[in-house]
Amino acid sequence: MIGATVVVTAGPGGREHRVTPDAPLDLGSTGRLGVTAWEESPLRPADEAARGGRGS
C-alpha cells in the first residue's frame, strides 16, 4: 500500500497523531501492525546538562 498513514495515540482516549512513514511498513506474515507500550528514553548526559541536571 503506497501513501498509507497510521493513526496512533499514547493510550485510550489520547490525542491522535497521524504518521506517514518514509518507507513501507513490514507487516510480516500476519498482515497486522503490532503495537507495544512506549517508554520514555533515559536522558543522555548532554540532554541532562542542558536541563541543568548532573553533568552541567
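Student: What pLDDT does the chain average?
Tutor: The chain averages a pLDDT of 75, and 62% of the residues score at least 70; pLDDT is the predictor's confidence in each residue, from 0 to 100. This is a predicted model, in which local features need pLDDT of at least 70, side-chain atom pairs count only at pLDDT 80 or more, and totals for chains, interfaces and linings use all residues. Residues are numbered from 1 along each chain as its sequence is written, and side-chain values use heavy atoms, with hydrogens and water left out.

Student: Which element has the lowest mean pLDDT, and which the highest?
Tutor: Helix H1 (residues 45-50) has the lowest, 65, and strand E2 (residues 17-19) the highest, 90. Helices (H or I, at least four residues) and strands (E, at least two) are DSSP runs, numbered from the N terminus. Where pLDDT is low, the predicted coordinates should not be read in detail.

Student: Why is leucine 27 called partly exposed?
Tutor: Its relative accessibility is 33%. Buried means under 20% relative accessible area and exposed over 50%, with partly exposed in between (1.4 Å probe, protein chains only); leucine 27 therefore counts as partly exposed.

Student: What makes leucine 33 partly exposed?
Tutor: Its relative accessible area is 47%, so leucine 33 also falls in the intermediate class. Leucine 33 lies in the loop between E2 and H1.

Student: Which residues does leucine 33 contact, leaving aside its neighbours within four places in sequence?
Tutor: They are Val6, Leu25 and Leu27, where contact means heavy atoms within 4.5 Å. Valine 6 is 27 residues from leucine 33 in sequence, and their C-alpha atoms are 9.5 Å apart.
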